[in-house]
Amino acid sequence: MSRPVDRAVQEQDPRFAYFLDVDGTLLPIAESPDVVAPSGAACALLVSLSAASDGALALVSGRPLHELDVMFAPHRFPVAAQHGAEIRNPGGRITWWEGHLSALQAVGAKMRRLADMDGRLRLEDKGLAISLHYRRAPHLGESLTSTMLEMLAPYRSLRLQPGKCVLEVCPAELGKGQAVEAFMRQAPFAGRRPVYIGDDLTDESGFEAVNAMGGISIKVGPEPSVATLRLADPAAVLHWLAARLPGGAPDGA
């Protein structure tokens, strides 16, 4: 059972490496992902925390890389986007996982037909992953999940990743946990104690990876999780991160 983080982690360890989900963790969940953006204070906090940890801070998100860069502009962080299918390493090099694209295109056409049948559904093609959002009809979650699992059965290169009122089709071999493990094998992350903060089912593999490394896993919200610690909401996440800075938060945070 996970504990409240404010009673469990008090130290300001300069050897932390930070892995941060975005939606629901740094930002509140919105009906549409294009209507939220980080505040200037939140961006300043991440920049300060990255500098204090010698650059060992990465965003780990289901969003595409270009969306994250627009959101956090002009700042550029190491990123695992689209659940690890799109990576920008600490040196700025970007790599993509493309072995699943032919299968993704075939499934994407079927998903589009499914979305077109119900105006409450929204399809989001990210390029290396495709999401079916059903926030306007949450009662459809179980039936949509069954339909999507049947749709994906012939495609071994793909997997279904459930989230909060969303079903995402991703590369079967990748996930946020694998992305964290890859970052931890390279500077400036290597040798540090990993901290992973996330709010969704998509973050569970990240929690598992960090737990296996003896790191700190923090679940945002009340849902069941393998994470060992808890924070209530994105505001609490920003407060906790600010407390990790030497001397406290930057101005306005």
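Ser131 is buried in this predicted model, with a relative accessible area of 0%. Ser131 belongs to strand β8, which spans residues 130–133.

**Ser131**
- The side chain of Ser131 makes a polar contact of 3.3 Å with the side chain of Lys126.
- Leaving aside residues up to four places away in sequence, Ser131 touches Met111, Arg122, Leu123, Glu124, Lys126, Val166, Leu167 and Glu168.

**Aromatic rings**
- The whole structure contains 6 aromatic pairs.
- Phe19 and Phe189 form a stacked pair, because their ring centres are 5.3 Å apart and their planes lie at 25°, under the 30 degrees that stacking requires.
- Phe19 sits in strand β2 (residues 16–20) and Phe189 in the loop between α5 (176–183) and β11 (193–198), so this pair ties together parts that are 170 residues apart in sequence.
- The pair of Phe183 and Phe189 is tilted, with ring centres 5.2 Å apart and planes at 40°.
- Ring pairs join Phe19, Phe183 and Phe189 into a cluster.
- Phe19 is buried, Phe183 is buried at 1% relative accessible area, and Phe189 is buried at 0%.

**Helices α1 and α7**
- The axes of α1 (residues 40–52) and α7 (residues 234–243) come within 10 Å and cross at roughly 35°.
- This crossing of α1 and α7 is left-handed.
- From α1, Ala42, Leu45, Leu46 and Leu49 meet Leu238, Leu241 and Ala242 of α7.
- The contact of α1 with α7 comprises 7 nonpolar residues, with no polar and no charged ones.

Conventions:
Residues are numbered from 1 along each chain as its sequence is written. This is a predicted model: local features need pLDDT of at least 70, side-chain atom pairs count only at pLDDT 80 or more; totals for chains, interfaces and linings use all residues. Side-chain values use heavy atoms; hydrogens and water are left out. Axes are lines fitted to C-alpha atoms, for helices over the stretch in contact, and angles run from 0 to 180 degrees between N-to-C directions. Helices (H or I, at least four residues) and strands (E, at least two) are DSSP runs, numbered from the N terminus. A crossing is left-handed if the near helix is turned anticlockwise from the far one by less than a right angle, and right-handed if clockwise. Contact means heavy atoms within 4.5 Å. Ala, Val, Leu, Ile, Met, Phe, Trp, Tyr, Cys and Pro count as nonpolar, Asp, Glu, Lys and Arg as charged, and the others, Gly among them, as polar. Buried means under 20% relative accessible area, exposed over 50%, partly exposed in between (1.4 Å probe, protein chains only). A polar contact is a pair of N or O atoms within 3.5 Å; within protein, one must be able to donate a hydrogen and the other to accept it, and residues adjacent in sequence count only if both atoms are side-chain atoms. Rings of Phe, Tyr and Trp (its six-membered ring) pair if their centres lie within 6.5 Å; planes under 30 degrees apart count as stacked, over 60 as edge-to-face and the rest as tilted.
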